[in-house]
Amino acid sequence: MSLDVSPELLDTAARGQVTDAEFVDCVRTSLPYAWTVISSVVADLELSDGELADHEIPPPSEAERGQLLRALASDAIRGGLERHFDVKLAFQNCHRVAAFRPGAVGGAVWQEFVSPRGQLLNQSPELRDC
């Protein structure tokens, strides 16, 4: 299961729309490692003049890797995080998370990160099974 949904939030969802704040709070509490990684990347971006900030440290265990995969593979979760933090997220190798300023999307730095070339250059034998 991707998220730990409280009975109250599940009831709210069954009755109608869930707010972004409710959803993002569920993500934050359900996927704490992913939340920490993404929050730190966003904080690094806010402190820089660059178009992106990224996190390249492999997760300490498969459980944490799974959190990143669930957070970034789900359109709903990823979109909620992007709206919450006002960034565009990109992902490589089951661990490399980048946050881009919205204005950088489509630019040269963005294109390089999300390109097949960028993916290939980010490969290493120790990450083959991630």
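**Note on the predicted model**

1. The chain contains seven helices and three strands. The model is a predicted one. In sequence order, its elements run α-α-α-β-α-α-β-β-α-α.

2. On overall dimensions, the C-alpha trace spans about 45 × 35 × 25 Å along its principal axes. The radius of gyration is 15 Å, which agrees with the value near 14 Å that a compact globule of 130 residues would have.

3. Of the 130 residues in the chain, 40% are buried.

4. How many positive and negative side chains does the chain have? There are 11 positive and 20 negative ones. The centres of the two sets are 4 Å apart.

5. Helix H2 covers residues 20-30, and its buried residues are Phe23, Val24, Cys26, Val27 and Ser30. Because these residues cover an arc of only 155° around the axis, they lie on the same side of H2. In an α-helix there are 3.6 residues a turn, so residues three or four places apart point the same way.

6. Which helices do the buried residues of H2 pack against? Their partners are helix H1 (7-15), helix H3 (32-46) and helix H5 (75-85).

Note on methods:
Residues are numbered from 1 along each chain as its sequence is written. This is a predicted model: local features need pLDDT of at least 70, side-chain atom pairs count only at pLDDT 80 or more; totals for chains, interfaces and linings use all residues. Side-chain values use heavy atoms; hydrogens and water are left out. Helices (H or I, at least four residues) and strands (E, at least two) are DSSP runs, numbered from the N terminus. The radius of gyration is taken over C-alpha atoms; the globule rule is 2.2 Å times the number of residues to the power 0.38. Buried means under 20% relative accessible area, exposed over 50%, partly exposed in between (1.4 Å probe, protein chains only). Lys and Arg count as positive and Asp and Glu as negative; His and the chain ends are not counted. The place of a charge is taken as NZ of Lys, CZ of Arg, CG of Asp or CD of Glu. The arc is that of the directions from the helix axis to the C-beta atoms. Contact means heavy atoms within 4.5 Å.
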